[in-house]
Amino acid sequence: MTSRIVVIPTRRAHSNHAEVARSIGVDIIAGRYAEGTRLPGDAEMIAMFGVSRPVLRESVKTLVAKGLLTTKARVGTVVRERGAWNMFDADVLAWHLDAGIEKRFLNDLAEIRLAVEPRAAMLAAAQRSEDDLAELRRCMDRMRIEPSDSAGFADADLALHVAVARASGNLFMRSIGHVIEAALRASFLLSAPVEPEDRDTVLLWHQKIVDAIAAGDATTASEAMVYVIHNGMRRHEGTVIVTAPAEALPSAESGERS
């Protein structure tokens, strides 16, 4: 398979402290500040970012809350081990996109999806409302209209998966769908089915998910979801991934998506 270079637009922070937190967070995730490393002192960081001491401290508090940093008396601010990072935090996931996605990250994402989404599809087959079905069908209609390699197709694909989580009626599954939005969007953009045969396969199996949920067929809904996730993993192979700052793609919160 020929390697493809995919540039992933990533979100921008909207305040000074959020931008500083994002910059430090990306440096930590990219390994520029290794686990156990002490960050430079306040004076150096203030000069580096050109911000006030209160802004810097607020940024550090944000990173401590997300599990990336710890503060110790007479030691300073230290990078925590990767196992302490809150990987269900939307910012931490977005910063992974900024730092560059590794194959392990995509595989971990696929594994958590396999642990959750097939079960969500099963529950949706039993719990879905007519409004849920209408949303799932709208997502399918949009996927059929949008070009496979467009942000619109990725957005519709994401919206369908979030709609399945919502239709499950399980609040935890709905929350997981929200917090991994950034990583799912990257996964969908990377695995765009650009070949006609791939596109037909993707549309067929997403339609099977929708049809099985509509029919109340929990087993088929789950099996179709498993196939969709594995098919996406297959298309990740041979992809070279880079990131570049850009305006954020439309949030899945718009148009009743989370």
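1. Basis. The model is predicted: local features need pLDDT of at least 70, side-chain atom pairs count only at pLDDT 80 or more, and totals for chains, interfaces and linings use all residues. Residues are numbered from 1 along each chain as its sequence is written, and side-chain values use heavy atoms, without hydrogens or water.

2. Overall. The protein chain holds 11 helices and 4 strands. These are DSSP runs numbered from the N terminus (helices: H or I, at least four residues; strands: E, at least two). Of its 258 residues, 46% count as buried (under 20% relative accessible area, with exposed over 50% and partly exposed in between; 1.4 Å probe, protein chains only).

3. Helix 6 and helix 7. Helix 6 (residues 130-145) packs on helix 7 (residues 151-167) at about 165°, with the axes 8 Å apart. Axes are lines fitted to C-alpha atoms, for helices over the stretch in contact, and angles run from 0 to 180 degrees between N-to-C directions. The two are therefore roughly antiparallel (over 145 degrees; under 35 is roughly parallel, 65 to 115 roughly perpendicular, the rest oblique). Residues in contact (heavy atoms within 4.5 Å) include Leu136, Cys139 and Met143 of helix 6, and Phe153, Leu160 and Val164 of helix 7. By class, this contact has 11 nonpolar, 1 polar and 5 charged residues. Here Ala, Val, Leu, Ile, Met, Phe, Trp, Tyr, Cys and Pro count as nonpolar, Asp, Glu, Lys and Arg as charged, and the others, Gly among them, as polar.

4. Helix 5 and helix 11. Their axes come within 7 Å and cross at roughly 160°. That makes helix 5 roughly antiparallel to helix 11. Among the residues making the contact are Leu106, Leu114 and Ala121 of helix 5, with Ala221, Met225 and Ile229 of helix 11. The class count is 13 nonpolar, 4 polar and 2 charged.

5. Main core. The largest nonpolar core has 29 residues. Such a core is a set of buried Ala, Val, Leu, Ile, Met, Phe, Trp, Tyr and Cys residues joined through side-chain atoms within 4.5 Å. Leu136, Met143, Leu160, Val164, Ile209 and Ile213 have the most contacts inside the largest core. Helices 5, 6, 7, 10 (196-215) and 11 (218-236) each give two or more residues. Helix 7 gives the most, with 7.

6. Ile213. Beyond its neighbours within four places in sequence, Ile213 contacts residues including Ala121, Leu136, Val164 and Ala221.

7. Second core. A separate core of 21 residues includes Ile28, Tyr33, Met45 and Leu63.
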